[in-house]
Amino acid sequence: MSRAADVHPIVRLIKGGGRNPEPISRVLRPVNWGWITVLASLLLSMLGVYAIDIGLNQNLDPSYTELSTTAIKQLIFMIMGIVACLVIMLPHYKLVSAFAWFYFAVCLGLLIFLLVPGIPPSIVTPRNGARSWINLGITDFQPSEITKIAFVLAVAQYLRFRTQHRKLRGLVVPGIIAAVPVGLITVQPDLGTASLFVPALFAMLIAAGARLRHLILIVLCAAMSAPIAYPFLRSHQKDRIVAIVKQFQGDESTNYDINFQSSRAQMLIAAGQITGTPEPTARALVHYNALPERENDMIFAVVVARFGLLGGAAMLLLYALWVVGALVVAASCREPIGRLIAVGIPAFIATQVVINVGMNLGVLPIIGITLPFLSAGGSSLITCWLMTGLIMNVAFHRPKPPYRSSFEYADDDEGPDLLKPSKPFGRSTGFSGRAITR
Amino acid sequence: MSSIRHLIPSMFHRRVILLVILCLCALLMLTGRLGYMTVVQGEEARARAEQRLVTTTWLPTTRGRILDRKGRVLAGDRASYNIALDYRILQGQWVYEGRDGRNYAMPIRSYATRLARRANPDIWETLPEHEQADLINRFESALRARVARMHRDLIAITDIDPADYEQRRTEILERVGAMKQQIADRAYQRELEKFERTGRVASESDLERFRKIANQPIAEEQAAHTIIPDISDELGFAVLRMVAKQEPIVSEGVEPGLLESLSVPLYPGLSVEDATARITPFESMPITIDRSSFPPPIRAQDPVTIRTDGVGRQLLGRIDDGLYAEDAQRRKDALTRDDELRARSLTSRGTDRGRYFPGDRVGRTGIEQSFEHTLRGLRGVRIENLQTGAVEEMLPEDGRDVQLSIDIMLQARIRALLDPAVGLTRVQPWHQNEQSEYTPVGTELDSAVVVLDIATGEILSMVSTPAPALSESEWKDRGVNTEIERRLYEKIHAPWVNKAIAKPYPPGSVAKALILTEAAKRGVYQQGDRIHDRGYLIEGQPNKFRSWIYKMYDGAYGGHSDQLGRDLDGVDALMVSSNVFFYTLGRQLGPERIALAYQDFHVGRPYELGIGTEWPGSIGQFNGPNDGSDVLLDEATLMGIGQGPISWTPLHAADALATIARAGVSITPSIVRDGYAPDVRDIGIPSWAVREALQGLRQVVENRQFGTGRAITYEELGPESVPIFNAPGITVWGKTGTATAPPLLFDPDDTPEGNGPQEPRIVRMGDHSWYVTLVAPEGEAPKYAIAVIVEYAGSGGRVSGPINNEIIHALIDEGYLPRVDTQAEPDA
């Protein structure tokens with residue numbers, strides 16, 4: 001690598017700053033676990049385009065081979081997503097995350113903008129009563145999607161050098177960081193997206209060494225206060241909870257009103273049986289059973305109706321690969337911000353998949369949440385690819401020395417001996433609840 | 001814990017592994033649930049999901065007709081439909097079908113807004129208000145145009161006067177409106193009173209609330225109302241097909257993908273209702289009776305016209321539209337039994353086109369019940385697979401007709417003759433009925449008649465009186481007003497029982513003809529045998545087993561041998577109806593062989609005509625083995641003259657004489673022409689015995705001096721007797737029977753709730769009166785067998801004889817016997 005090339009701005013971008021004396025070949029790690037997430041993203045996106053077409057293209061004439069408009073749009077968004085992925089994976093993540101607070105502030109600004117009364121509907125178009133989209137002319141933009149990434153970067157930025165979060169009081173600030181976007185998104189209202197932030201925060205806190213007993217305590221308190229919150233829910237939200245209870249009791253009375261969406265999805269999922277149905281049959285089944293939100297929240301039902309248990313399980317396996325791949329990237333990273341990015345992002349994806357598939361399977365109430373990579377929608381798909389790009393970014397770049405091998409506490413969990421200092425081990429030199437620089 | 005710590009020294013890595021495990025656990029649980037749903041619930045869910053890929057439209061069918069032997073329709077469907085409109089459409093709202101299949105309504109403007117939104121899903125919210133309003137206006141006018149077109153189409157299709165149509169529309173609106181007003185007013189008052197009872201004064205907002213409560217829609221406001229009644233089959237179908245059609249409300253400027261969601265019915269809120277009626281044209285008709293051949297005391301030159309009701313009621317049975325689980329089960333059984341029926345009925349998807357839908361009619365009694373699955377039509381069905389577009393269509397198949405061997409006009413004539421108003425079935429002085437205490441002169445008598453075609457075994461007519469009463473007014477016409485009167489009437493007259501086939505009667509002397517032939521068949525009586533009738537059977541026991549002449553004159557004239565001056569052969573014995581002769585044969589046959597004798601004549605076996613309950617006849621105890629094993633010798637002796645433990649029905653009687661007329665060939669009588677060959681069997685009577693029996697039967701009617709069924713003396717006409725049969729050119733063979741019947745008891749306070757202190761009292765007593773004949777044009781073999789029984793009426797010849805004679809005249813009137821234009825024989 002020549003010196004002239006070394007100062008090339010792109011190279012500096014990749015290296016994460018000009019003072020890195022290492023040659024670029026030592027900075028990059030082309031063979032890495034991140035590729036698994038790229039492969040899974042690609043397969044899932046293609047499955048999404050196909051499933052959208054199954055759901056929406058009702059032309060039953062087999063000689064008609066054109067994709068439906070929405071599927072074509074999704075295909076375009078997928079290409080845009082891949083480009084976005086490539087763009088975001090190049091600059092060193094330390095560089096990317098340096099502006100984390102700025103991104104976060106911009107996103108919060110956009111979320112507030114959505115709620116400002118008096119903005120003409122030509123700019124903020126309510127859908128199903130939710131003010132979640134900004135009309136960009138060619139397509140709609142959903143700020144809450146991109147906020148997820150900004151949130152991960154901000155929390156990572158906050159936690160990277162801190163140890164306060166190992167105390168109960170220290171959880172307050174991360175809690176506030178999460179509460180702001182959650183509050184703004186809940187007001188839209190978009191309960192589905194809002195519900196993803198807390199699990200992601202928890203995952204990052206766990207990875208950053210917060211004490212599990214604190215986190216469990218918080219979960220228990222939240223669970224116990226849930227009945228108090230119930231009266232404050234909106235009536236349709238209550239109805240959905242009642243409907244799911246009734247459904248488990250075998251009461252089908254709500255199948256034609258509040259539980260219609262869920263019962264139809266469940267029927268189509270079960271109808272997929274083990275190997276699914278031929279393509280025309282799947283199209284007809286989805287269409288004539290009037291599955292609502294079939295290209296969107298309920299796309300999992302379409303996938304299973306087409307490919308059956310095998311297809312559904314394969315799809316879940318792809319998500320597992322994505323998430324585990326990302327976590328392996330986290331594990332192979334030695335630098336705090338990279339680690340937290342590669343934990344926070346898969347936490348978003350995993351939570352979203354579990355909630356979405358759970359509501360398709362009728363074990364969770366319908367709260368309106370998309371299935372990553374599959375559901376139709378530009379903001380959602382591009383955000384997912386950006387997430388893949390960030391994971392690749394962390395996997396791709398070696399940490400810039402000097403770095404600290406972070407979050408290595410000798411007393412990671414509870415127990416009477418935890419107060420005593422334990423021996424430092426491995427290359428981590430932390431002890432007594434303090435992280436130290438190597 | 002510590003071992004894990006040693007295995008994975010880095011805390012961060014342990015935590016990452018924890019997250020991996022959490023994530024995999026969640027995904028595994030979801031996969032488990034997915035597996036459960038697809039594997040366990042999969043099959044059922046697939047079937048349910050696929051149900052929506054097909055639409056099934058049922059087309060109505062018609063129940064088969066019941067015809068008489070000449071093809072006259074006794075019962076038939078008059079197909080008819082009503083066109084009905086949802087009240088809310090008439091009111092000017094839009095009606096649409098909800099996901100649950102029920103009709104819902106909203107103002108047309110609101111529905112237009114909904115469609116306009118649907119047509120512009122992405123941009124609707126961004127449109128300025130005036131553009132939204134324009135779009136809504138466009139949809140609204142299209143919806144209004146569609147409703148207007150429906151009304152226009154209905155007027156055009158049914159060719160109804162537009163003014164009439166408009167008037168009906170107004171009538172419905174006014175009627176329902178008035179009803180609604182009345183109900184709302186009452187509800188408002190009720191609410192107000194309820195409120196005021198609490199001692200408060202209602203404010204304006206309270207009143208407003210009451211008005212709101214009172215204004216709840218009533219059922220009539222959400223129901224369909226007939227606007228065009230009684231349209232034909234063809235029109236009904238045409239409209240029905242249109243009801244299923246949907247078309248996009250607007251198509252210009254709409255994305256093709258959205259057209260389907262903008263489809264609305266061509267005829268919103270319209271329904272076609274089945275209003276088919278079962279009609280029985282011959283159930284009630286006026287019959288003119290020529291009384292010139294009647295017994296002299298009631299003979300008249302002017303005919304009388306009688307209105308007969310319930311002509312075929314007991315045969316045809318009734319239908320109703322209340323369904324029971326048993327009906328569905330019987331349908332299933334019929335399909336299992338009958339391969340041909342199953343092949344016709346099932347669709348390719350295995351659905352029975354003849355299965356019962358709510359509101360379907362089911363035969364409950366008579367032919368309507370026993371031929372339910374023949375008469376019941378098969379619905380047409382149109383199954384469209386929405387995925388493949390394949391259409392499977394099966395046209396409706398009308399129910400098959402059932403033809404009876406009955407001649408409905410003959411039936412009506414006979415029923416008219418048996419109407420007490422005519423006089424033949426009322427106690428008359430010449431009947432010499434000894435039971436005047438229970439049945440004084442003028443008492444209405446119940447009767448049963450069977451007319452059988454000897455050559456085919458077909459039943460030409462079968463009448464039982466009185467017919468069942470179907471309505472309160474019919475009960476009133478019969479003078480029955482109270483519960484106890486009704487029970488008494490039912491006890492005496494048993495209107496529900498078809499007496500011709502379902503009520504046990506002792507055969508009486510009618511049985512003598514068949515005992516003669518059976519004794520001959522079984523070697524007890526040989527050709528040329530003669531038996532001495534001294535008036536009683538057993539030497540030294542003149543009070544037992546006596547001849548009627550000995551009993552009537554207390555032995556003054558001895559027995560029939562003394563009367564005739566010779567020992568009796570079979571001809572003599574039948575002619576004078578000698579008891580001693582037939583006691584002798586009965587005793588010699590003994591219990592077993594006399595049982596076989598009666599069995600040869602179908603006693604103990606039902607005919608299975610298919611028109612309801614039958615009495616199979618009994619030999620020995622009721623419901624016993626019917627083989628004589630429970631019969632004593634003395635009882636067998638009594639059975640020789642048709643008394644003792646033996647019972648049959650008028651149909652058995654007619655069949656018995658018909659079998660003798662066929663020289664011992666039995667043809668099982670039938671009433672339905674179902675295409676099956678009748679059961680024919682030679683019972684093996686020697687031909688000489690047949691000749692002797694027929695000769696004897698002829699002598700009964702013919703012999704001026706000794707024939708027991710030839711003539712009647714009427715006090716008012718002096719000692720000269722008048723022949724019973726007076727149809728010129730007709731030969732009659734016959735046998736009277738005066739059958740001892742047990743007294744009929746009625747316990748007024750014996751109700752289903754328990755028996756009171758009152759003792760049962762006798763309401764009827766005495767003998768049933770039989771006269772069974774064979775008739776033919778002069779010089780020919782017997783063609784028809786006629787059995788007549790009148791209950792508790794006394795002498796067979798005096799009561800049933802004249803009725804039998806009038807039935808012969810009825811056969812002549814209906815063309816079954818020739819009319820010979822000679823003067824009737826002068827009274828002898």
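A crossing of two helices is called left-handed if the near helix is turned anticlockwise from the far one by less than a right angle, and right-handed if clockwise. The model on screen is predicted, so that local features need pLDDT of at least 70 and side-chain atom pairs count only at pLDDT 80 or more, while totals for chains, interfaces and linings use all residues. Residues are numbered from 1 along each chain as its sequence is written, and chains are lettered from A in the order in which they are written.

Select residues 512-521 and 650-661 of chain B, which are helices α19 and α25 (DSSP runs of H or I, at least four residues; strands are runs of E, at least two). Their axes lie 10 Å apart at an angle of about 45 degrees (lines fitted to C-alpha atoms over the stretch in contact, with angles from 0 to 180 degrees between N-to-C directions). α19(B) passes α25(B) in a left-handed crossing. Showing side chains, you find A513(B), L514(B) and T517(B) of α19(B) meeting A656(B), L657(B) and I660(B) of α25(B) (C-beta atoms, placed from the backbone, within 7 Å).

Next, select the open sheet of chain B, whose five strands follow the order β20-β19-β31-β30-β27 with antiparallel pairing (at least two DSSP bridges between two strands). Its edges are β20 (459-464) and β27 (730-746), each pairing on one side only.

Within the sheet, move to β30 (residues 761-777) and β31 (residues 784-790) of chain B, joined by seven bridges; Y771(B) has V788(B) in β31(B) as its bridge partner.

Conventions: Two residues are in contact if their C-beta atoms, placed from the backbone, lie within 7 Å.
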